[in-house]
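Hi,

Here is the structure I promised to pass on. Have a look, and my notes follow below.

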Amino acid sequence: MPVLPKKKVGLISCSGEELPEGMLSRVATLQALERLRPNETVTLCLPLFLAGNDKERAFAKFYPTIAIDGCDKRCAARATEKYSAPPTASIVIPEFLAARGLDAPKTRRQMDAAGERAADALAQEIAQRVDEILGVKREPVAEPQTAAESEAVTATCSCGSGIPVTRLVIAGKEREIVALPLIFEQFRNDGKTPAELFDAVKIYNAIPAELEAAYREAILCAYAAHTLEKREG
Amino acid sequence: MTDSKKRVVIMPCSGIGKAYGSVGREAMYQVVEEMRPDATTTTCLSLLTLGDADAQALVREQPTITIDGCPSACAKVSVEAVGGKPATEFRVFDVYRAHRELKVRSVSELGEAGREMARLLAEEIAAKVDELSK
Ligand code: SF4
Ligand code: SF4
């Protein structure tokens with residue numbers, strides 16, 4: 001039975017190769033992915049928005065995202081918005097460092113003590129934003145995770161495991177709906193009602209209120225066609 | 001990227017979730033900062049992805065070497081998408097194919113073998129830089 005990917009928060013790091021803050025963005029993002037919120041976060045290599053396919057461009061439509069940028073050019077936030085969907089939250093590292101009185105590492109390649117401090121604080125900030133987006137309340141953790149725990153998880157990007165995108169004509173215009181075949185299959189197997197089906201689609205897709213009726217009709221038609229196809233096939 | 005006029009641009013992919021992306025980035029730093037600092041430069045690949053005018057001009061006007069961490073080939077595709085033509089395309093996997101004993105530890109920590117892989121790749125890139133700089 002198909003399983004809908006769990007709702008997680010997508011972390012998009014600018015990974016800027018040219019600046020120390022770009023490295024900071026990458027290191028802190030990896031800390032959040034691997035150590036602080038391994039079960040609640042996913043990532044995607046940013047250039048895949050351009051080099052990848054529809055499924056990769058659906059990333060920020062499916063996952064709420066946090067863009068982490070090394071400078072005010074804000075490549076991660078802008079690319080996410082341009083190719084996929086506006087990020088839910090955005091962190092610009094020089095602003096973050098100034099607000100916290102922290103320093104960037106001296107070089108763009110190697111971490112130093114100041115960089116480690118900044119990366120730790122930034123990773124904590126990312127983790128806190130993840131909790132806010134997911135509506136999770138946590139007690140402050142006194143002890144960092146142990147080495148054994150942290151070694152257990154390695155960040156992997158979500159390329160190739162993309163979210164299916166379906167195009168439907170709704171209110172006279174072709175529109176993209178993410179995860180539709182997965183939702184259909186799950187509902188067919190569970191024998192749920194059409195009303196529940198539309199609610200599930202709304203969890204994974206931003207549907208404008210004024211077009212809700214048109215979306216519902218198009219999606220239920222697509223579901224009927226899908227069910228028929230499965231029955232006959 | 002100061003004084004980038006006569007430099008070879010080394011453009012690694014921005015792989016964050018793949019260990020070979022990290023190997024490519026480390027190889028780039030070895031070339032740009034240690035092996036051929038006066039003959040090479042780099043820029044943020046994300047800038048290219050966004051169509052930044054300076055980054056585009058750089059890869060269109062200078063000989064460019066791309067390094068990619070997986071078959072998606074983001075560095076190559078991004079350079080070509082803005083009208084650049086990579087002089088050479090390196091794939092980290094090819095280094096692994098030639099040295100299967102080298103197993104990279106993880107994205108965030110390459111380990112001894114990963115650093116060796118980056119060094120081998122950096123040597124190949126530096127040789128290519130020499131050719132392109134003649
Ligand atoms: S936001 Fe700044 S550091 Fe990050 S990729 Fe863009 S230019 Fe580079
Ligand atoms: S080539 Fe592969 S590893 Fe590199 S940025 Fe693209 S998807 Fe990530």
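The space that ligand 2 takes up is the largest cavity. A cavity here is a set of points, on a 1 Å grid over the protein atoms alone, where a 1.4 Å probe fits but cannot get out, and a molecule sits in one if more than half of its atoms lie within 2 Å of its grid points. This is a predicted model, where local features need pLDDT of at least 70, side-chain atom pairs count only at pLDDT 80 or more, and totals for chains, interfaces and linings use all residues. Residues are numbered from 1 along each chain as its sequence is written, chains are lettered from A and ligands numbered from 1 in the order written, and side-chain values use heavy atoms, with hydrogens and water left out.

Back to ligand 2: there are 13 residues around it (a heavy atom within 4 Å), and Cys45(A), Cys13(B), Gly15(B), Cys70(B) and Cys74(B) come nearest. Chains A and B both contribute residues, so the site is shared between chains.

Ligand 1 is also surrounded by residues from chains A and B, so that site is shared too.

As for the interface, 33 residues of chain B are in contact (heavy atoms within 4.5 Å) with 32 of chain A. Ile16(B), Thr49(B) and Leu50(B) supply 26% of the area that chain B buries against chain A, more than any other three residues; buried area is the accessible area (1.4 Å probe) lost on putting two parts together, summed over both. The rule finds 4 salt bridges across the interface, counting a Lys or Arg side-chain nitrogen within 4 Å of an Asp or Glu carboxyl oxygen. Glu33(B) forms a salt bridge with Arg108(A), with the closest N and O atoms 2.9 Å apart.

Cheers

Notes:
On a 1 Å grid over the protein atoms alone, a cavity is a set of points where a 1.4 Å probe fits but cannot get out, and a pocket is an open set with protein on both sides within 12 Å along at least five of seven lines; lining residues have an atom within 4 Å of a point.
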